[in-house]
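Please examine the sequence and the model shown below. The paragraphs that follow lead from the overall fold to its sheets, its loops and the surroundings of the ligand.

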Amino acid sequence: MLTTLPRKTAVAAAALGLALTAAPMASAAGKAAAPAPITVNLTVKGSNGVVFSGDIKTTGHNVTTASGGTHKCDSTNNKANPTPGATPTAALDDAAKVKGFTWDATWYAQYDDFFVNRIAKDTGNDSYYWNIAVNGKSTEVGGCQYQLKAGDKVAFTWTAL
Ligand code: B12
C-alpha cells in the first residue's frame, strides 16, 4: 500500500500533466470554425415594393433585434443542422446593415429562432406576414434554422395570410 500509493500518485500527476499540456491544443482543434462567408441572392419585397434586391455576402452569426435580444443565427439553432452556416435571417441582417434599413423580430425559445415581425415599415398583422422562401419554396423552418448554400435565392416577402 505504502509503495503503490506514490506510484499511483505519480501516474495520476503524469496524466494530469499530459491533460493540461494537451488541453489548449484540444480546445484549439475542437473549437468550431467560423462558417466561411458565401454569396446568396436576397430579395426583400414589402407593401411598397422592393426594399433590397441583390447579392449579399453572408455567414451565420449572432443577431440582435430590439424585441428579441441577441441570439445565434447560424443554422445550428434548434439542432436543425450539425454544423453552422449562412441563414436567411443572418443574410437579412447583413443586407439591412449594408443598405441601411431596419427590421425587428421576436425570439421564440421553443423554436430557438426569431419570428421576423417587421422589415422597413411593414409590421406583421392579422392580414399580412413576412414569408421566408429559398429558391421559390417557403421554408419549413424559421430563418435561423435553415442552412443556405452559395447561390441560393432568398426572399422575404410581405404576404397575405
Ligand atoms: C399560425 C402559424 C403561423 C402564423 C403566425 C401568426 C398568426 N397570425 O397566428 C404565420 C402564418 C404568420 C406563420 C409564419 C411562419 N411560420 Co408558422 N406556424 C403557425 C402554426 C400553424 C400555429 C402556431 C400557433 O398559433 N400556435 C398556438 C399559439 C397559442 O402558440 P404560440 O407559441 O403563441 O404561437 C406563436 C408562434 O408559433 C409564432 N410562430 C408562428 N410561426 C413561427 C415560425 C417561427 C420560426 C417562429 C420562431 C415562431 C412562429 O406565431 C404564433 C402566434 O403568435 C404553427 C404550426 C403549429 N401547429 O404549431 C406554424 C409553425 C410554428 N410555423 C412554422 C414556420 C416555418 C413558419 C415560417 C418560417 C414559414 C415561412 N417560411 O415563412 C413563418 C415565419 C417567418 C417569419 N416571419 O419569421 C413552423 C416552425 C418550425 C420550425 N422548426 O421553425 C411551424 C411549426 C409549422 C411547421 N412547419 O411545422 N406561422
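How many helices and strands are there in the protein chain? The protein chain contains two helices and 10 strands, where helices (H or I, at least four residues) and strands (E, at least two) are DSSP runs numbered from the N terminus. Along the sequence these elements follow the pattern α-β-β-β-β-α-β-β-β-β-β-β. The model is predicted: local features need pLDDT of at least 70, side-chain atom pairs count only at pLDDT 80 or more, and totals for chains, interfaces and linings use all residues. Residues are numbered from 1 along each chain as its sequence is written.

The predictor's confidence in each residue is given by pLDDT, which runs from 0 to 100. The protein chain averages a pLDDT of 86, and 79% of the residues score at least 70. Over residues 1–30, however, pLDDT stays under 50, and the model has zero contacts beyond four places in sequence for this stretch. A contact here joins two residues whose C-beta atoms, placed from the backbone, lie within 7 Å. Of the contacts in the protein chain with a separation of 6 or more, 63% are between residues 24 or more positions apart. Buried residues make up 29% of the 161 residues; a residue is buried if 20 or more other C-beta atoms lie within 10 Å of its own, exposed if 12 or fewer, and partly exposed in between, with C-beta atoms placed from the backbone.

Strand β1 (residues 38–46) runs antiparallel to β2, and nine bridges join the two. Among these partners, G46 is bridged to G49 in β2.

Strand β5 (residues 103–108) pairs with β6 over six bridges, and D104 has R118 of β6 as its bridge partner. These two strands form a hairpin with four residues between them, and D112 in the turn has a positive phi of about 50°. On the β7 side, two bridges join β6 to β7 (residues 122–123). Here I119 is the bridge partner of D122 in β7, while R118 stands opposite T123. Strands β6 and β7 also form a hairpin, with two residues between them.

Most residues other than glycine have a negative phi. Against that background, A120, in the loop between β6 and β7, has a positive phi of about 50° although it is not a glycine. With 17 C-beta neighbours inside 10 Å, A120 counts as partly exposed. N78, another residue other than glycine, has a positive phi near 60°. N78 lies in the loop between β4 (69–71) and α2 (88–99), and is partly exposed, with 16 other C-beta atoms within 10 Å.

K72 also has its place in the loop between β4 and α2. Is K72 buried or partly exposed? K72 is partly exposed, with 16 other C-beta atoms within 10 Å. Not counting residues up to four places away in sequence, K72 touches N62 and N77. The C-alpha atoms of K72 and P84, 12 residues apart along the chain, are separated by 9.9 Å.

Which residues are closest to the ligand? Of the 18 residues that surround the ligand, the closest are Y108, F115, V116, Y129 and G142; a residue is near a molecule if its C-beta atom, placed from the backbone, lies within 6 Å of it. Strands β6 (113–119) and β8 (128–134) each supply at least two residues of the shell, and β8 gives the most, with four residues. The shell divides into nine nonpolar, seven polar and two charged residues. In this division Ala, Val, Leu, Ile, Met, Phe, Trp, Tyr, Cys and Pro count as nonpolar, Asp, Glu, Lys and Arg as charged, and the others, Gly among them, as polar.

Technical notes: Two strands pair if DSSP finds at least two bridges between them.
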